Amino acid sequence: MNIRMIAKLAASAALIAMTAGVAKAAEQVEVLHWWTSGGEAAALNVLKENLQKEGVAWKDMPVAGGAGSAAMTALRARVTAGDPPTAVQLLGFDLKDWAEMGVAANLDDLAQKEGWDKVIPAALQNFSKYNGHWIAAPVNIHSTNWLWINKAALDKAGGKVPTNIAELITLLDAFKGQGLTALAHGGVPWQDGTLWEAVVLSTGGPDFYKKAVLDLDPAALSGDTMKKVFDTMSKLRTYFDPNFSGREWNLSTALVIEGKAGAQEMGDWSKGEWLRANKKPGTDFVCIRFPGTQGSVLFNADQFMMFDVGKGQRDAQLKMASAVENPGFQIAFNTVKGSVPARTDVANDKFDDCGKKGMADLAEASSKGTLMGSLAHGYAQPAAIKEAMLDVITQHLNGQLTTEAALKRLPEAVKAAK
Ligand code: BGC
């Protein structure tokens with residue numbers, strides 16, 4: 001072979017490599033999300049790896065901060081600059097807000113081919129579709145009215161799980177007596193709201209939750225039952241540790257895992273941290289519905305909204321949406337994440353006891369009409385109203401508003417935000 005031939009071969013090899021490189025670069029999804037804790041990242045890895053196996057590269061855009069408020073700020077900047085990511089983790093009413101701006105991709109063809117209409121519950125489809133068109137691929141269903149208890153501390157306290165707020169207080173007193181932080185809580189608005197909504201459900205039951213949180217009835221927002229809710233919040237506040245302010249949820253979970261705290265009220269993403277620490281439900285920790293809320297489920301579902309990013313990324317985007325709805329992925333992801341599948345046709349046998357309970361509770365609540373959207377996680381009210389309510393809840397919990405003032409302020413704040 002002479003020099004010229006070698007040069008020619010080398011050039012074509014380079015061209016092939018370049019073309020392959022270009023083709024590979026085109027098969028990429030850029031994904032904005034807030035799954036940065038250990039359990040969350042482990043779950044997301046399942047999706048990354050599945051896509052990589054299909055030749056789709058993953059460009060990660062993580063924005064730390066539970067419940068995604070920092071992620072929403074980052075997204076606004078990208079959309080305003082006319083450069084949205086391929087897919088974005090979104091919750092509830094935020095999906096509608098973005099779709100209204102005309103920036104959503106249309107997933108109808110894929111959804112029809114794969115029969116999403118038949119397997120995704122209506123409560124989710126209300127948010128995955130805009131004007132009747134699929135714009136998002138639902139990943140999971142989480143719920144917020146859970147209590148996660150350190151099993152050793154519970155056993156030491158007599159082993160009985162609390163079934164109402166009075167019994168919860170008794171248990172928290174016992175944890176205090178053991179020298180523990182009784183209730184691990186991080187003082188940020190969405191966590192305050194997560195605790196508050198569980199207390200609302202426990203105190204007034206599902207009908208009261210509907211009236212106050214979903215229908216925003218001013219009398220329910222300021223009446224006697226709501227007074228009990230705020231009084232309970234003040235009482236629960238006395239079981240936090242002095243460093244609670246501003247703490248991320250997973251660090252509070254870690255306190256319970258390490259046996260420094262007794263319990264945490266938190267959505268079932270908390271289980272992802274327990275599993276990541278090699279802890280087993282029933283042995284190391286106990287999962288129960290927040291005392292007094294068995295029979296009702298406050299849900300939030302993570303969805304990947306697909307943005308209109310043009311033809312170049314369309315194939316990769318559709319591969320990602322399809323990978324998310326794959327039943328095998330729904331099992332592999334949700335068993336790690338702590339959530340339950342977004343599809344109703346997935347068997348429960350690969351799930352642990354908490355996961356099985358989550359699936360059974362969801363089916364029961366859905367058939368009884370007690371499956372309701374979480375306020376703190378965007379499934380009860382649009383962002384403006386949610387933020388206004390969380391403001392009052394946080395100020396009250398921090399002692400900046402008395403209960404009387406909070407009862408007056410809550411309906412006013414809602415009215416002003418409408
Ligand atoms: C999301 C979960 C996430 C949690 C904490 C919730 O709003 O739905 O997927 O794990 O926030 O970051």
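Trainee: How far is the side chain of His377 from an oxygen atom of the ligand?
Mentor: An N or O atom in the His377 side chain is 2.8 Å from a ligand oxygen. Keep in mind that this is a predicted model.

Trainee: And what about Glu40 and Trp34, how far are their polar side-chain atoms from a ligand oxygen?
Mentor: For Glu40 the distance is 2.4 Å. For Trp34 it is 3.3 Å.

Trainee: How much of the ligand does the protein bury?
Mentor: The protein buries 100% of the 310 Å² that the ligand exposes when taken alone.

Trainee: Where does the ligand sit, then?
Mentor: In the largest cavity.

Trainee: Which residues come nearest to the ligand?
Mentor: There are 14 residues around the ligand, and Glu40, Asn300, Asp302, Lys337 and His377 come nearest.

Trainee: What kinds of residues make up that shell?
Mentor: The shell has 6 nonpolar residues, 5 polar ones and 3 charged ones.

Trainee: New topic. How many disulfides does the structure hold?
Mentor: It holds 1 disulfide. A disulfide is a covalent bond between the sulfur atoms of two cysteines. Here Cys287 is joined to Cys354, with 2.2 Å from S to S.

Trainee: Is the link of Cys287 and Cys354 left-handed or right-handed?
Mentor: Left-handed, with -110° about the S-S bond.

Terms used: Residues are numbered from 1 along each chain as its sequence is written. This is a predicted model: local features need pLDDT of at least 70, side-chain atom pairs count only at pLDDT 80 or more; totals for chains, interfaces and linings use all residues. Side-chain values use heavy atoms; hydrogens and water are left out. A residue is near a molecule or strand if one of its heavy atoms lies within 4 Å of it. A polar contact is a pair of N or O atoms within 3.5 Å; within protein, one must be able to donate a hydrogen and the other to accept it, and residues adjacent in sequence count only if both atoms are side-chain atoms. Accessible areas come from the Shrake-Rupley method with a 1.4 Å probe; for residues, only the protein chains shown count as cover. On a 1 Å grid over the protein atoms alone, a cavity is a set of points where a 1.4 Å probe fits but cannot get out, and a pocket is an open set with protein on both sides within 12 Å along at least five of seven lines; lining residues have an atom within 4 Å of a point. A molecule sits in a cavity or pocket if more than half of its atoms lie within 2 Å of its grid points. Ala, Val, Leu, Ile, Met, Phe, Trp, Tyr, Cys and Pro count as nonpolar, Asp, Glu, Lys and Arg as charged, and the others, Gly among them, as polar. A disulfide is a pair of cysteine sulfur atoms within 2.5 Å.
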